[in-house]
Amino acid sequence: MTAGVRKLNRRPESGMHRQQFAGIRITRLIVAAVLVAAGMPSLASADDVAIGTATATVVAAITVSATATLDFGTVYQGVPVAIANDNASAAIFTITGSASANILIFFQLPEYLSLSDNSDRMDIVFDATDCSVDSTGSGTPGGAWGGGWPDVSPHALPSGTAIGGGGATSVYLGGTVRPRIGQKAGSYEADIVITVAYEGT
Amino acid sequence: MSFTQRFLAHAARGRWLFTAALLSCFLIAGKLVGGVLVAPTVIFISDINRTGRLEVQNTANEPREVTVRLAYGLPQSDSLGNIYVNLKDSNITDPKAAVDWIKAFPRKVIVPPGGTQVIRMVARPPKDLPDGEYWARVVVTSREGTTELPSPEGDQAIETRLNMVMQTALMLKYRNGECMTRLELTHRDAWLTEEGMSVLLGMSNLGNASYMGILTCTVTDADNQQVLEKYLNIAVYDHLRRRVDLEFDRSEYRAPFKVAVSVSSEGRTDVAPEDLIVGNDVSYTMTVE
């Protein structure tokens, strides 16, 4: 078995480095193409035509957004409220990036919600089937299931989760709040943290 | 040099133009929803150029507060081949961690709608740092919405609000001196499942830098007909056990099956060639009945 050896390029900061954005190597020809496409053809003249090859390595950016929050609405003392991950009130996260790329998704989920003055807490639980990963990226909980990982645990999302072929994946999250009989009235809040990383980097 | 040539040369050096063009293409294509876009997905810094950058764009139509911090977390795996990352902010003992000597700034910024913010990284490594690659995770955090906490409608009513916090954990790699990778297969297994086949691979990287490559699994049946081929980008830092589920309808093919597994550092299109460390290739074929 041979070892791959890479020696770092000892050049001082090169023009190529300065031209990198988002890992994208683009030649000046691409810039010219963009400008022309943007409606600046008058900048080109017969004298300025250049012939060459353009190469590009495109690294898709990654975005994570919450399209909808997990919404329990108004709840009452002693009455638990459960929202399934296919319910319209489930949280919806949308992840966009390189199509079919494997990603790692993990949640940091709260165990309780608290009043702003921290004088009372209300339990919240997330069961082993409270999450679905929709690789079609439809963003519609309860919609026609097109593929992915339905009803999985948000505490340990399956390995091998991937961004869908269309460049987006949706994650639906349900949960249950359990107000006690003696729960103080008021407005309770907590954070749900979703973290996404590319697996192959 | 004509005006046009000068303009194009100037434009080619300006990152803003690439940013605008790239993001415009994404937006026109309808690929983005409101969120925080982070690019690139891996940042390379070296002892030659100790600075790096990432760009954060707010694609939503309201301002977003974005925070940036450095943490540590390599891809790890359990015995079943599930991959996970355990992000650590403190008590980091791995000597390969670069968290303590890489700084990001600004660390907190409000990005206006459609706005882009450059986050710069500066490495100040300790003296006499051994050759090799050192790692950190750049964690970009944003919160969804800034709505006020709902007020209870009645004296006994309870209102709830769950804040959605989104994090993107990018790998940052600092390369010092001569970097090399050498991958070895330490475990291989394959078995049939109801959905098709699963392959379990154990890999060890004996080099001083991460191995970035492509894992390919090719399944053929008893008639040597190709059933499917699956590619995965992988990164092996030290040890990794990776399970690959290969889904196909077994009833349509004749057993026994063969699965050819190969790992190669060639062919990655998501990383600039000058950032890839060319490593060795490994391959193995298993018969599965």
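**Close-up views of a predicted two-chain model**

**View 1. Strand 5 of chain A and strand 11 of chain A are antiparallel and are joined by six bridges.** In this pairing, Ile92(A) lies opposite Tyr172(A) of strand 11 of chain A. Two strands count as paired if DSSP finds at least two bridges between them, and strands are DSSP runs (E, at least two residues) numbered from the N terminus. The model is predicted: local features need pLDDT of at least 70 and side-chain atom pairs count only at pLDDT 80 or more, while totals for chains, interfaces and linings use all residues. Residues are numbered from 1 along each chain as its sequence is written, chains are lettered from A and ligands numbered from 1 in the order in which they are written, and side-chain values use heavy atoms, with hydrogens and water left out.

**View 2. Strand 5 of chain A (residues 91-96) is largely enclosed by the rest of the structure, because six of its six residues are buried.** Buried means under 20% relative accessible area (1.4 Å probe, protein chains only). Ala91(A), Phe93(A) and Ile95(A) point one way from the strand, whereas Ile92(A), Thr94(A) and Thr96(A) point the other way. Strand 2 of chain A (residues 62-68) also runs antiparallel to strand 5 of chain A, through five bridges. There, Ala68(A) is placed opposite Ile92(A).

**View 3. Nine strands form an open sheet with antiparallel pairing, in the order 10(A)-9(A)-11(A)-5(A)-2(A)-1(B)-3(B)-9(B)-7(B).** Strand 10 (148-152) of chain A and strand 7 (102-105) of chain B stand at the edges with a single partner strand each, so one side of each has no neighbour in the sheet. From one strand to the next, the twist averages 15°; angles run from 0 to 180 degrees between the N-to-C directions of axes, which are lines fitted to C-alpha atoms. Within the sheet, strand 9 (residues 131-134) and strand 11 (residues 168-173) of chain A pair over four bridges. Asp134(A) has Ser170(A) as its bridge partner in strand 11 of chain A.

**View 4. The largest cavity holds about 40 Å³ of space.** A cavity is a set of points on a 1 Å grid over the protein atoms alone where a 1.4 Å probe fits but cannot get out, and lining residues have an atom within 4 Å of a point. The lining comprises Val64(A), Val36(B), Val38(B), Val140(B), Thr141(B), Ser142(B), Met166(B) and Thr168(B). Strand 10 of chain B gives the most to this lining, with three residues.

Definitions and conventions. On a 1 Å grid over the protein atoms alone, a cavity is a set of points where a 1.4 Å probe fits but cannot get out, and a pocket is an open set with protein on both sides within 12 Å along at least five of seven lines; lining residues have an atom within 4 Å of a point. Grid points are joined across faces, edges and corners, and a volume is the space filled by probe spheres set on the points. Buried means under 20% relative accessible area, exposed over 50%, partly exposed in between (1.4 Å probe, protein chains only).
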